[in-house]
Amino acid sequence: MALLAEAKRISALFEFSDDDVRNAVVEFVTEMNEGLEKNGTTLSQIPTFVTGVPNGTEKGLYLAVDLGGTNFRVCSIQLHGDTTFTLTQSKVAIPKELMVAETAKELFAFLAKQVELFLKSHHEEHFEGRVERHQTPGTPTGYEEESIFRLGFTFSFPVHQTGINSGTLIRWTKGFDIQDAVGKDVCALLQEELDLLKLPVKVSALVNDTVGTLMARSYTAPGKTDTLLGAIFGTGTNGAYVETMSKIKKPLEGAYDSTTGQMVVNTEWGSFDNGLKVLPNTIYDQILDKESVNPGIQMFEKRISGMFLGEILRIVLDIMMGNSKNPFFTDKDSSSNDFGSTTVIDDNAPLKQQWAVDSSILSVAQSDNSVGLRTLRQFIEKDLGVQAPSLEDAQAVKDIAHAIAKRAARLAGVAVAGIILHTGRLDPKGGPEDIVDIGVDGSLVEFYPGFEDYMREAMRAVDGIGHAGEKRIRIGIAKDGSGVGAALIALVAAKLE
Ligand code: ADP
């Protein structure tokens, strides 16, 4: 039992009380305001030049492309105008040599070629509408205006956005390294190559995936409601919300439609409270941060997202194993071990390797409520590399994994609550039917059992939300921000041309 008592003691270190939530929300709102006033703050609060969200009645055929890692995705999205859409897509791996090419042209010519192949195989009819006409700046030669596809370009690398369809590359990440492209407008680079192929395509929007999530949810949400916030809880975490234009005090460099009085803001909330004023900071968080590639940065994300939760668990278990007072994952009396052997772990086991434990084991631990925790014990063998864990071992893992995930969900609730309070969207005068719609995406929120419930529990504790307010918050999964979301941003952008 000593082991379970120790697991209980450690789990308690991950408690994030209602008072902690309330304090954190106050700080979150403060940092939101700072980010709207000036650059270089913890919450970057990046204006996106997207000045409205869809309500599900939008119609038309749009293109979207997504360059974010190893694959390039091209899709067409037919918006039916009744919150539904049809998506056709193709996906191709980026040849390694193009990721490190001499010139940007080599990569972008390849991307344009994929768009051409896609159009030829799925939308041949659009080539037939070609007529010789005078070249208009910014539009491909030889096409009727109405036969030109508007395209949303999801580009998941750091860019300095200068308009709804322009932004310069700050630096490459994820194995790409083409120095020639740095400082250039990535939309212009793609447009140039599309034009050389004489394709009827205009790059109308440069899209951030979180903004895409917001747009995708707003289109598909029931009842023609505008969605307030799109939030991602996957490998990383981030949120984009609809802000009142007059609250954005820092200078905006690009052109935008000022008639709506609104603009979507990309919070980049992964860096919330990098100064650790209100965030929890257990010894395990400190170890994770110290051994990460970016100590002191993305401190909120390091306590919430899928990339880190498995590693926090690994660090806890590794330290527990080193504690001789608590026999854990080691040779011992295996009376409660129905695998019939002693527990063994070697130095190559994932449990001993930094970043080797995937966060999905937290979901497995939460889902397995069987008496013998058989499934979890199998995962401990497979995912942690521990042979024949005992029932007590598995119970300890379950307790600690739960504490880590629950804290993550409550912290996620802090961000959502902060945005709801800041926007004043839960005006106390609104009745129960006045819904605040939130779109979420990412494996953690989708697959961790009870993630949303813990988020809600935290939000109920917040002054200004409470039980009545929390009931008015509707949270729905928003799939495919880089497909339908990007198409919707292209649609919004096309209205400005
Ligand atoms: P991305 O954010 O990269 O687009 P996902 O939304 O699928 O992709 O998130 C992937 C992250 O979610 C990984 O860090 C992975 O460890 C974590 N993850 C995947 N499945 C689960 C699960 N069932 N429970 C908790 N975390 C998960």
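Gln-353 is located in the loop that runs between α10 and α11. In this predicted model, Gln-353 is partly exposed, because 13 other C-beta atoms lie within 10 Å, a count that falls between the 12 or fewer of an exposed residue and the 20 or more of a buried residue. Gln-353 and Lys-91 are 262 residues apart along the chain, and their C-alpha atoms are separated by 32 Å. The loop between α10 and α11 also holds Trp-355, which has a positive phi of about 65° although it is not a glycine. Trp-355 is likewise described as partly exposed, since 14 other C-beta atoms are found within 10 Å.

A positive phi is also seen at Leu-276, a residue other than glycine, where the angle is near 55°. Leu-276 belongs to the loop between β11 (262–266) and α8 (283–290), and with 13 C-beta neighbours inside 10 Å this residue counts as partly exposed.

The confidence of the prediction was examined for the chain as a whole and for particular stretches. The mean pLDDT of the chain is 91, and 92% of its residues reach 70 or more. Over residues 131–135, however, the pLDDT is below 50, and this stretch has 5 contacts in the model beyond near neighbours in sequence. The pLDDT also stays under 50 over residues 333–341, for which the model has 13 contacts beyond four places in sequence. Where pLDDT is low, the predicted coordinates should not be read in detail. For the model, the scores are ipTM 0.98 and pTM 0.91.

The chain is divided into domain 1, which comprises residues 1–48 + 223–479, and domain 2, which comprises residues 59–207. The centres of domain 1 and domain 2, taken over C-alpha atoms, are separated by 34 Å. To the contact between them, domain 1 gives 6 residues and domain 2 gives 5 residues. On the side of domain 1 that touches domain 2, the residues divide by class into 3 nonpolar, 2 polar and 1 charged.

The largest nonpolar core has 148 residues, of which Ile-404, Val-416 and Ile-489 touch the most other members. Helix α13 (residues 391–423) supplies the largest share of this core, namely 19 residues. Because domain 1 (1–48 + 223–479) and domain 2 (59–207) both give residues to this core, the core lies between them. When neighbours within four places in sequence are left aside, Val-416 is in contact with Leu-229, Ala-231, Ile-438, Met-455 and Met-459.

Glu-31 is found in helix α2, which spans residues 18–37, and counts as buried because it has 25 C-beta neighbours inside 10 Å, where 20 or more are required. Apart from neighbours within four places in sequence, Glu-31 is in contact with Thr-41, Thr-42, Leu-43 and Phe-272. Although Glu-31 and Asp-273 are 242 residues apart in sequence, the distance between them in space, C-alpha to C-alpha, is 8.0 Å. Phe-28 also has its place in helix α2 and counts as buried, with 26 C-beta neighbours inside 10 Å. The contacts of Phe-28, again leaving aside neighbours within four places in sequence, are with Phe-272, Val-414, Ala-415 and Gly-418. Phe-28 and Phe-379 are 351 residues apart along the chain, and a distance of 37 Å separates their C-alpha atoms.

In helix α4 (residues 104–122) the residue considered is Ala-109. Ala-109 is partly exposed, because 19 other C-beta atoms lie within 10 Å, whereas a buried residue needs 20 or more. The C-alpha atoms of Ala-109 and Arg-472 are separated by 48 Å, and the two residues are 363 residues apart along the chain.

Terms used
Residues are numbered from 1 along each chain as its sequence is written. This is a predicted model: local features need pLDDT of at least 70, side-chain atom pairs count only at pLDDT 80 or more; totals for chains, interfaces and linings use all residues. Helices (H or I, at least four residues) and strands (E, at least two) are DSSP runs, numbered from the N terminus. Two residues are in contact if their C-beta atoms, placed from the backbone, lie within 7 Å. pLDDT is the predictor's confidence in each residue, from 0 to 100. A nonpolar core is a set of buried Ala, Val, Leu, Ile, Met, Phe, Trp, Tyr and Cys residues joined through C-beta atoms within 7 Å. Domain bounds come from an automatic or database domain assignment. Ala, Val, Leu, Ile, Met, Phe, Trp, Tyr, Cys and Pro count as nonpolar, Asp, Glu, Lys and Arg as charged, and the others, Gly among them, as polar.
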